[in-house]
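Here is a short report on local features of one chain. Look at the sequence and the model first.

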Amino acid sequence: MKKGLLILVALLIVAGVAYSLLFARQAAPEVKLTSLAGVTTSTSALKGKVVLVNFWATSCPGCVEEMPEIKKLHQEYGSKGLNVLAVAMSYDPPNYVQSFVAKNQLPFFVALDTQGEAAKAFGDIQLAPTTFLIDKQGNIIKRYVGVMNFPEVRKLIEQQL
């Protein structure tokens with residue numbers, strides 16, 4: 001009887017460890033960003049909110065394609081607690097980014113990652129678009145490389161808000 005109970009306890013411990021390793025969420029890295037408007041923020045300052053961090057470039061067709069949808073997400077969920085951070089890749093000329101933001105009237109936080117520090121912190125991002133959805137606790141819940149699956153993103157955002 002005791003042997004069976006010990007085996008059961010051991011199995012439960014192994015199952016708990018396996019579950020936590022498989023399903024534990026990775027914390028978003030601490031990055032500080034300054035918007036084109038001169039406003040500063042950081043990933044730690046946004047804890048308590050759902051955050052969409054989008055690495056993009058004006059020369060990237062997929063980035064340009066998904067920007068109107070990201071704008072819609074901001075308009076739809078911004079007042080409910082979603083923060084959008086669009087981080088322009090280091091190789092994107094600042095004047096191109098400023099022109100794109102003005103032309104498309106992007107209403108969310110847009111930052112230049114001129115030294116590539118934010119991209120490095122998020123796993124040395126090389127491909128744009130690359131997007132991260134971060135929960136209120138500051139954990140990465142989804143990473144997209146390429147154009148996002150917007151129905152899925154909406155569902156995840158709604159679950160997190």
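This is a predicted model: local features need pLDDT of at least 70, side-chain atom pairs count only at pLDDT 80 or more; totals for chains, interfaces and linings use all residues.

Residues are numbered from 1 along each chain as its sequence is written, and side-chain values use heavy atoms, with hydrogens and water left out.

Start with the disulfide, a pair of cysteine sulfur atoms within 2.5 Å. The structure holds 1. It links Cys60 and Cys63, with S to S at 2.4 Å. The torsion about their S-S bond is about 80°, so the disulfide is right-handed. Both Cys60 and Cys63 are buried. Buried means under 20% relative accessible area, exposed over 50%, and partly exposed in between (1.4 Å probe, protein chains only).

Next, the backbone. Most residues other than glycine have a negative phi, and most peptide bonds are trans. Ala128 and Pro129 are joined by a cis peptide bond, with omega about 0°. Two residues that are not glycine have a positive phi:

| Residue | Phi | Relative accessibility |
|---|---|---|
| Gln105 | about 50° | 59%, exposed |
| Asp124 | about 60° | 42%, partly exposed |

Finally, Gly146. Which residues does Gly146 contact, leaving aside neighbours within four places in sequence? They are Glu66 and Pro129. Contact means heavy atoms within 4.5 Å. Glu66 is 80 residues away from Gly146 along the chain, yet their C-alpha atoms are separated by 9.5 Å. Gly146 counts as partly exposed because its relative accessibility is 22%.
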